[in-house]
Amino acid sequence: MTFSIVAKCADTGQFGLAISSSSPAVAARCAFAKAGVGAVATQNVTNPALGHMVLEYLESGLSASDAVATSIADENFPNYRQLLAIDKNGNTCIHSGEMSLGIWTATQGLCCAAGGNLLADVGVPQAMVEGFENTEGALGDRLIAAMQSGLNAGGEAGPLHSAGLLIVDTHGWPYAELRCDWTEDCPILMITQAWKVYKPQANDYVTRALNPTDAPSYGVPGDE
């Protein structure tokens, strides 16, 4: 009931992930990332605690493989969990428990990994990796392209209702965190549209946080 991609931008060092599901508010439970550390998607029958746990192990210096393996070893129901992680070096690791739902699979690529469950087609994660690798530009552009490629390859077996895009840069807050928690339309289209609006302003929001005196116009009524 979920498909996602975790990735690192080799040029900027940003980490990010994009995710979509038939369930509501998937990004609120399943999307985790920390600047300079990595990104994690925890899905299928979700245990959000695994997202925090894997990030903590990554921050302690473990590789993606070791962080996932150590977290799964501490998990009471590993067969129900699907985890995707990427570390500071761009290495990835995937765990898919044997109780993952429906058609489930995952694929690793260059500085990215994609996976899903209850998929309409076994080729969805590979299409996502190819969409990411064959797209140039900002990390957000590449993550969006990956999700659209997964959707074009069949996506989830059922209707999608929620999606999210999470990117971290060099600070303790997200560079971008865009979510569609529920729609009867296409949530991937919703976050695509939101990214098109947010992308040109993203650096301005960082400037406003660090030094408002250097910030550009806020673009609101009464602002001069």
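Analyst: Let's start with a term: a crossing is left-handed if the near helix is turned anticlockwise from the far one by less than a right angle, and right-handed if clockwise. Helices (H or I, at least four residues) and strands (E, at least two) are DSSP runs, numbered from the N terminus. This is a predicted model, where local features need pLDDT of at least 70, side-chain atom pairs count only at pLDDT 80 or more, and totals for chains, interfaces and linings use all residues. Residues are numbered from 1 along each chain as its sequence is written, and side-chain values use heavy atoms, with hydrogens and water left out.

User: Which hand does the crossing of α4 and α5 have?

Analyst: Axes here are lines fitted to C-alpha atoms, for helices over the stretch in contact, and angles run from 0 to 180 degrees between N-to-C directions. The α4 and α5 axes are 7 Å apart, at an angle of about 150 degrees. As for the hand, the crossing of α4 and α5 is right-handed.

User: How many nonpolar residues does the contact of α4 with α5 have?

Analyst: Contact means heavy atoms within 4.5 Å. The α4 side includes Val124, Met128 and Phe132, and the α5 side includes Leu139, Leu143 and Met147. For the classes, Ala, Val, Leu, Ile, Met, Phe, Trp, Tyr, Cys and Pro count as nonpolar, Asp, Glu, Lys and Arg as charged, and the others, Gly among them, as polar. The contact has 2 charged and 3 polar residues, and the nonpolar ones number 9.

User: What hand does α5 have as it passes α6?

Analyst: Helix α5 (139-152) and helix α6 (187-198) have axes 10 Å apart, at an angle of about 160 degrees. That makes α5 roughly antiparallel to α6. In this pair, Ile144 and Leu151 are among the α5 residues in contact, and Ile191 and Trp195 are among those of α6. The crossing is left-handed.

User: Which residues does Val206 touch, leaving out those up to four places away in sequence?

Analyst: Val206 sits in helix α7 (202-210). Its relative accessibility is 15%, so Val206 counts as buried. Once residues up to four places away in sequence are set aside, the ones Val206 touches are His171 and Tyr175.

User: And Ser23, is that one buried or exposed?

Analyst: Ser23 is in the loop between β2 (15-21) and α1 (26-30). Not counting residues up to four places away in sequence, Ser23 touches Met1, Arg29 and Ser162. Its relative accessibility is 18%, so Ser23 counts as buried.

User: Zooming out, what share of the residues in the protein chain is buried?

Analyst: The protein chain has 7 helices and 10 strands. Along its principal axes the C-alpha trace spans about 60 × 40 × 30 Å. Of the 224 residues, the buried share is 48%.

Conventions:
Angles under 35 degrees count as roughly parallel, over 145 as roughly antiparallel, 65 to 115 as roughly perpendicular and the rest as oblique. Buried means under 20% relative accessible area, exposed over 50%, partly exposed in between (1.4 Å probe, protein chains only).
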